[in-house]
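Student: I'd like to go through this one with you and ask what stands behind each label. Can we start once it's on the screen?

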Amino acid sequence: MKSAVVQLPGLNRDRDMIAALTRISGQAPVTVWQTETEIPDVDLIVIPGGFSYGDYLRCGAIAARMPVMQAIREKAEKGVKVLGVCNGFQILVEAGMLPGALMRNSSLKFVCKQVKLEVVNAETDFTRAYAPGQIIRCPVAHHDGNYFVEAETLKAMNDRNQVVFRYAEGTNPNGSMLDIAGVVNEAGNVLGMMPHPENLIEAAHGGTDGRGIFASALDVIAA
Amino acid sequence: MIKARVTVTLKNGVLDPQGKAIEGALGSLGFEGVHQIRQGKVFDLELDTSDRVKAEEDLKAMCEKLLANTVIENYSIALL
């Protein structure tokens with residue numbers, strides 16, 4: 001399966017993401033710059049982490065209004081899978097492609113550590129490699145990962161199983177509502193998550209817990 | 001030219017850890033009885049128009065599209 005990685009000024013996890021996608025899919029992803037209005041024919045578009053536009057105004061706010069986002073939105077509406085990690089998640093909520101908002105961590109501190117995640121929904125295109133309720137490890141590194149969504153929307157999201165990952169075993173690093181770490185859109189093809197699965201995919205990372213997300217999305221679970 | 005000020009604040013019910021931290025800091029400076037601090041943002045703008053109705057419409061659109069995140073924030077517009 002073919003993938004693309006979006007690049008914007010200030011994003012700095014694109015190299016890690018390209019390395020992960022290359023290793024897991026066996027082919028390098030194409031890169032797409034923020035001003036591009038057309039995205040090549042791919043099965044998965046990834047918006048990596050970082051600090052796009054210096055986190056000015058709100059994290060992801062400026063990036064979400066760049067031309068490339070309109071192109072990503074059109075692809076998503078056609079069913080192409082979109083994964084946003086960390087700042088990529090913030091960009092997707094700012095673009096209105098995922099519900100909710102990501103606010104300053106309740107501790108007010110930047111957190112960089114490993115947390116545990118519960119795979120709440122193992123039936124998405126991004127989590128089929130996991131068992132329902134499985135606990136995986138995953139690194140986080142962010143200042144604004146405190147997920148908030150209004151009660152009415154949250155209820156609808158729960159009814160549709162849109163909460164995909166929760167911080168588990170008391171490892172919520174940011175005060176996120178109901179320990180929410182990752183959510184999917186209504187159609188199920190756009191996933192945003194604060195943790196960085198691309199940084200736990202090979203033995204040298206200390207584990208391969210994050211691999212399943214890419215293996216699921218790239219359809220190489222058995223590989 | 002019209003000058004305007006847009007104020008963006010967190011909606012009621014949205015926790016504001018920064019406001020809480022500021023409240024704590026004011027308390028430690030000896031300012032007693034300060035409650036419910038909410039941190040917000042202020043934008044001062046100049047618009048190349050003299051049409052106040054259009055200015056207000058444009059500012060509203062700017063708030064909806066960029067200046068505020070209406071999931072968590074309210075905004076108010078003042079033409080100066």
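Tutor: Terms first: helices (H or I, at least four residues) and strands (E, at least two) are DSSP runs, numbered from the N terminus. With that, Leu47(B) sits in strand β2 (residues 41–47) of chain B. This is a predicted model, where local features need pLDDT of at least 70, side-chain atom pairs count only at pLDDT 80 or more, and totals for chains, interfaces and linings use all residues. Residues are numbered from 1 along each chain as its sequence is written, chains are lettered from A and ligands numbered from 1 in the order in which they are written, and side-chain values use heavy atoms, with hydrogens and water left out.

Student: Why does Leu47(B) count as buried?

Tutor: Buried means under 20% relative accessible area, exposed over 50%, partly exposed in between (1.4 Å probe, protein chains only). Leu47(B) has 12% relative accessibility, so it counts as buried.

Student: Which residues is Leu47(B) in contact with, leaving aside neighbours within four places in sequence?

Tutor: Contact means heavy atoms within 4.5 Å. On that rule Leu47(B) is in contact with Met1(B), Ile2(B), Ala55(B), Leu59(B) and Met62(B). Cys63(B), 16 residues from Leu47(B) in sequence, lies 14 Å from it, C-alpha to C-alpha.

Student: What pattern does chain B follow along the sequence?

Tutor: Chain B reads β-α-β-α-β, with two helices and three strands.

Student: Over to chain A. What makes Asn174(A) buried?

Tutor: Its relative accessibility is 0%, so Asn174(A) counts as buried. You'll find Asn174(A) in the loop between β9 (163–167) and β10 (180–184) of chain A. Not counting residues up to four places away in sequence, Asn174(A) touches Asn105(A), Ser106(A), His142(A), Gly145(A), Asn146(A) and Tyr167(A).

Student: How do you know that helix α3 of chain A is mostly covered?

Tutor: Count along residues 87–94: eight of its eight residues are buried. Among them are Phe89(A), Ile91(A) and Glu94(A). Just after α3(A), Gly96(A) takes a positive phi of about 75°.
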